[in-house]
Amino acid sequence: MASRIDVSIEHRGPEPEPPGKHPNTCPSCHSHYRDEELDESLWVCPQCGHHFSVRARRRVDQLADRGTFEEQDKDLRSADPLAFFDLRAYSERIAEAEMATGLGDALIAGAASIERRPCELAVMDFAFMGGSMGSAVGEKFARACERAAEKGVPLVCVTASGGARMQEGILSLMQLPKTVAAVDLLHQKPAAFISVMTHPTTAGVLASFASLGDVIVAEPGALLAFTGPRVVQQTTREKLPEDFGLAESNARFGHVDAIVPRPELRPYLGRVLALFE
Amino acid sequence: MTESTEGTAEQLRLRERLARLRDLPLLRGVGVSGELSRLQHQIDRIAEEPSADEVWRAVELARHQDRPYTLDYVERIFDDFIELHGDRSFADDAALVTGIGRFNGQTVALVGHQKGRDIRERTHRNFGMTYPEGYRKAMRVMELADRHRFPVITLVDTPGAYPGVVAEQHGQGGWIARSQLLMLRLGVPTVSCIIGEGGSGGAVAIAVADRVLMQENAIYSVISPEGCAAILWRDAGEAKKAAAAFKPDAVHCLELGVIDGVVPEPPDGAHENMDAAAELLGESLGIALDDVKKRDPKARRRERSEKFRRMGIFLE
C-alpha cells in the first residue's frame with residue numbers, strides 16, 4: 001500500500017484552458033468579462049461572487065496604498081541544483097515561467113503600506129509554476145520576515161501555492177523549516193504576521209509559514225488543504241464532503257480566523273494592522 | 001573517476017567532498033570504534049556519485065518489509081523505555097510512538113514514526129502515516145523533555161502524513177508547521193535520524209533538529225518517487241526515473257547540506273542484521289548528542305535556527 005501513496009506535497013501548474021474557454025469566463029456562472037471589468041470588481045465575479053485567481057502584481061495594487069510598494073530582492077532567481085530533468089529541463093520551465101509571468105519567481109515581496117499602516121508585503125503568484133516553493137521563494141519569504149523584524153513592522157503574506165517545488169528535490173522540502181524559522185524571528189520580536197490564504201494554499205506552504213500567522217484570513221471558496229481532494233480520493237477511496245478543504249470548511253473546524261471577501265480585504269487588513277500597532 | 005584527467009571540475013568536486021567528509025565527526029567516530037573497513041567502504045561509496053540504480057536500491061531498502069522500525073531500535077539501544085500515549089486532546093496515534101528512556105546513562109525523550117510488521121499491525125499503525133494527533137503527541141512529549149532538560153531523539157520513518165478527510169479536518173498542515181516551530185524553540189539538544197522513508201512534510205515535522213542524520217539506505221524526499229512520476233511524467237511507473245532525478249538518497253542529501261552525517265548500515269542493509277544496525281545507529285546518535293550537548297542552550301538554539309535558515313540554493 002505504502003508504495004502507492006502519492007505523498008502529500010502535490011503541485012501542478014494551472015490547468016490548461018480548454019480550447020475556446022476564455023480565462024475571463026467565470027467557472028461558476030459562465031458570465032464573461034473584459035479585463036477592465038474584472039479589474040474594477042477586484043477579479044470577483046459581479047454576478048455570482050466567484051473569486052478569480054489574482055496575479056501577484058495586481059494583488060499588490062489591490063492591497064497596498066498607491067505607489068508605496070517597494071519591491072526587494074528582484075534579482076533573486078531559482079537555481080537548478082539537481083540539474084533536474086523530467087520530460088523537460090527544470091531550467092527551461094523556470095525560463096518559460098519567467099517569460100510568461102514577468103516575475104523572477106513565484107513570490108514578490110517588499111515594503112508597503114496598507115491603509116496608511118507600514119508593513120512588509122509578500123505575495124505569491126500561482127501562475128509561476130503553480131506558486132510552488134523552491135529555494136528562491138523560501139529565501140525571499142525569509143528576507144521579508146527579517147526586514148519586518150528589523151523595522152518592527154507587521155508582515156502581510158498572501159499565499160497561492162500548490163506546495164513545495166519538487167524539481168528542487170529535498171531542498172524544496174527544507175524550505176518548510178526555513179520559512180518556519182523565519183516566522184519564529186517575527187514571533188520573537190514580536191512583529192505581527194498576518195497570513196492571507198487564497199486559492200489554492202496547499203501542501204508545503206500550508207504545512208509551514210502560512211499556518212503560523214498571528215491572524216489567518218482566507219478568501220471565500222479557497223482550497224486550503226495539506227493534501228488536495230484528488231489525492232485524498234485516490235489514496236483513501238473515502239467519500240469527500242462537498243466542501244472538502246475549502247475555506248468555509250477550514251473556518252468551521254477552527255483553522256482560520258475569518259473568511260474575508262476580496263472587496264473587504266484591504267479595510268480588514270487596515271483594521272488588523274492598526275490593532276497591532 | 002579516472003586518474004588520467006587531471007584537475008577537471010569533477011576531480012575538484014570529489015576532492016572537496018572528501019575534505020568535507022573528513023570533517024564529519026560521525027564518520028570519525030565510527031572509525032574509532034574499529035569499523036575501519038566499513039568506514040573505507042562508506043567513503044568509497046560517498047566519493048562516487050550514486051548511480052540511478054544505487055538510488056533506487058536505497059528506495060527499495062528504505063521500504064524493505066523487514067527493515068527495523070523505531071521500536072526495534074528502541075529495544076536495542078535504550079536501557080529502559082516507557083512509552084507515553086495520547087495527545088491529551090483527542091486520540092493516541094499509533095503511527096508515531098513517544099516515550100522517555102535511558103540512553104547512554106541519561107534520560108532522553110524519544111519520538112518516532114512506527115510502521116507495522118504484519119498486516120494487522122500495519123493497519124493499526126496506519127503504515128506509519130501520522131494524523132495531526134500524532135504530531136500533537138510528539139509536541140507534548142518534546143515540551144515535557146524541554147521542561148526536564150531531557151535531550152530529544154527523533155527517528156523518522158514515514159511515507160508521509162496521512163492524506164485523509166479527518167486528518168485535514170483536524171488541521172494536518174497546521175500541526176506539521178507548529179511541530180517544526182516547536183522543535184526550533186527547544187532549549188534541549190536534539191538529534192534526528194531518518195531510518196527508512198523520510199516522506200515529505202510528515203517527516204520534516206519531527207526532523208528539525210540540531211543534528212540530522214540519515215542511515216545509509218534511508219531516503220528523504222519532498223514527494224514519493226511514484227507521486228513525482230505521476231505528476232511530472234504523467235506515469236507512476238516511471239518512479240525509478242523520478243527517484244534518479246530528485247535524488248532522495250543519503251549521499252545526495254549530505255552533499256546538499258540537508259543532513260549532517262550518514263549512519264552506516266550492515267553490508268546488505270539494516271534488515272540483514274538488526275542488532276548490528278542498532279549498534280551503529282546507537283553509536284552515531286550518541287556521538288551526535290555528545291557533540292551538541294557541549295553548546296550552551298541559547299547558542300544551540302540560535303545555531304539550529306541559522307542552519308535551517310541557510311538551506312536552499314538560489315542565484316542572485
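Residues are numbered from 1 along each chain as its sequence is written, and chains are lettered from A in the order in which they are written. In this predicted model, local features need pLDDT of at least 70, side-chain atom pairs count only at pLDDT 80 or more, and totals for chains, interfaces and linings use all residues.

**Exercise 1. Find how confident the predictor is in chain A.**

Step 1. Recall the score: pLDDT is the predictor's confidence in each residue, from 0 to 100.
Step 2. Take the average. Chain A reaches 93, and 92% of the residues score at least 70.
Step 3. Over residues 1-11 of chain A, pLDDT stays under 50.

**Exercise 2. Decide whether F126(A) is buried or exposed.**

Step 1. Locate F126(A). The loop between β4 (117-124) and α4 of chain A holds this residue. Helices (H or I, at least four residues) and strands (E, at least two) are DSSP runs, numbered from the N terminus.
Step 2. Apply the cut-offs. Buried means 20 or more other C-beta atoms within 10 Å of a residue's own, exposed means 12 or fewer, and partly exposed lies in between; C-beta atoms are placed from the backbone.
Step 3. Count. F126(A) is buried because 25 other C-beta atoms lie within 10 Å.
Step 4. T201(A) is 75 residues from F126(A) in sequence, yet their C-alpha atoms are 9.6 Å apart.

**Exercise 3. Trace the strand pairing around β3(A).**

Step 1. State the rule: two strands pair if DSSP finds at least two bridges between them.
Step 2. Go to β1 (residues 70-72) of chain A. Three bridges join this strand to β3(A), and the two run antiparallel. Here E70(A) stands opposite A111(A).
Step 3. Go to β4(A). Eight bridges link β3(A) and β4(A), again antiparallel. G110(A) has L121(A) as its bridge partner.
Step 4. Inspect the turn. Two residues separate the strands of this hairpin, and E115(A) takes a positive phi near 50 degrees.
Step 5. Six of the eight residues of β3(A) (residues 107-114) are buried.

**Exercise 4. Describe how chain B meets chain A.**

Step 1. Count residues. The contact (C-beta atoms, placed from the backbone, within 7 Å) takes 54 residues from chain B and 63 from chain A.
Step 2. Find the main supplier. On the chain B side, α9(B) gives the largest share, nine residues.
Step 3. Look for strands. Two bridges join β2 (residues 77-78) of chain A to β9(B), running antiparallel. S78(A) stands opposite F314(B).

Terms used
Contact = placed C-beta atoms within 7 Å.
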